[in-house]
Amino acid sequence: MRRVIISFFSIIFLYLLQVTIFSNLLDIGGIAPNLVLMFSCICGFMRGRKAGTLVGFFGGLLVDILGGGIVGFSALVFMYSGFFNGMFHKEYSKEQILLPIGLIFLCDFGYGFISYITKALIYNRLNFGFYLGKIIIPEAVYTVFVTLFSYVIIYYINRKFLSYDKAKKARTLVNVKETGIAQ
């Protein structure tokens, strides 16, 4: 339950950070990192497919509702990004940073590409070279740069939760053995 509450407030905090500080003060050429997508990818990588999917869906839904875009578009893409990163949950150690960085770059690049295709179909903007060079790649690189610092913080918080969960589970097992109640 604590993870759900922390994830909920993290999504809100990162969204507010994304649309205020990074969009107004720390944007580079009008480009800001996609912090909510980054968080859903990291949650998927650290906690698995289910957590990545849920964080991605609710984070994307928040972006859609408050961002004024097509409702459900970001939720769908973020959800699949969290699921995709969750597939690597058990295969790699969490101390490695290159794999999550690469996965976040791919997810952000994919989000930008899918956004371009959607906007091209809806608004008839067909200048892909401009959009790729000025928006998609710079945003993916900026998101990766911010991920280098954010990953360490999120990894530390995740380790604290894991150690707390293990200690709680151990206390529960000791209580069960002391009382003689079998499961």
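Trainee: Why is Phe105 called partly exposed?

Mentor: In this predicted model, Phe105 has a relative accessible area of 30%. Buried means under 20% and exposed means over 50%; the value of 30% lies in between, and therefore Phe105 is partly exposed.

Trainee: Where is Phe105 placed, and which residues does Phe105 touch?

Mentor: Phe105 belongs to helix α5, residues 98-123. Leaving aside residues up to four places away in sequence, Phe105 touches Ala140, Val141 and Val144. From Phe105 to Phe45 there are 60 residues in sequence and 14 Å in space, C-alpha to C-alpha.

Trainee: What makes Thr147 count as buried?

Mentor: The relative accessibility of Thr147 is 0%. The cut-off for buried is under 20%, so Thr147 counts as buried. Thr147 lies in helix α6, residues 128-179, and touches Met38, Ile42, Ile101 and Ile104, again not counting residues up to four places away in sequence.

Trainee: How do you know that α2 is mostly covered?

Mentor: Of the 13 residues of α2, 12 are buried. Among them are Met38 and Ile42, both of which Thr147 touches, and Phe45 is also buried. Just after α2, Gly48 takes a positive phi of about 115 degrees.

Trainee: What is the span of α2 set against?

Mentor: From its first C-alpha to its last, α2 reaches 18 Å, close to the 18 Å expected at 1.5 Å a residue.

Trainee: Why is α1 called roughly antiparallel to α2?

Mentor: The axes of α1 (residues 2-25) and α2 (residues 35-47) cross at roughly 150 degrees and come within 8 Å. Angles over 145 degrees count as roughly antiparallel, so α1 is roughly antiparallel to α2. By class, their contact has 8 nonpolar, 3 polar and 2 charged residues. On the α2 side, the contact includes Leu35, Val36, Phe39 and Arg47.

Trainee: What makes α3 roughly antiparallel to α4?

Mentor: The axes of α3 (residues 49-67) and α4 (residues 73-86) come within 7 Å and cross at roughly 160 degrees. That angle is over 145 degrees, and therefore α3 is roughly antiparallel to α4. The crossing of α3 and α4 is right-handed. Among the residues making this contact are Gly52, Gly56, Gly59 and Gly60 of α3, and Gly82 and Gly86 of α4.

Trainee: How do the residues of the contact of α3 with α4 divide?

Mentor: They divide into 8 nonpolar, 8 polar and 2 charged. Gly is counted among the polar residues.

Key. Residues numbered from 1 in each chain as written. Predicted model: local features only at pLDDT ≥ 70, side-chain atom pairs only at ≥ 80, totals over all residues. Heavy atoms only, no water. Axes fitted to C-alpha atoms, helices over the stretch in contact; angles between N-to-C directions. Helix = DSSP H or I, 4+ residues; strand = E, 2+ residues; numbered from the N terminus. Parallel < 35°, antiparallel > 145°, perpendicular 65-115°, else oblique. Contact = heavy atoms within 4.5 Å. Expected span 1.5 Å × (residues − 1). Buried < 20%, exposed > 50% of the residue type's maximum accessible area, 1.4 Å probe, protein only. Left-handed = near helix turned anticlockwise from the far one by under 90°.
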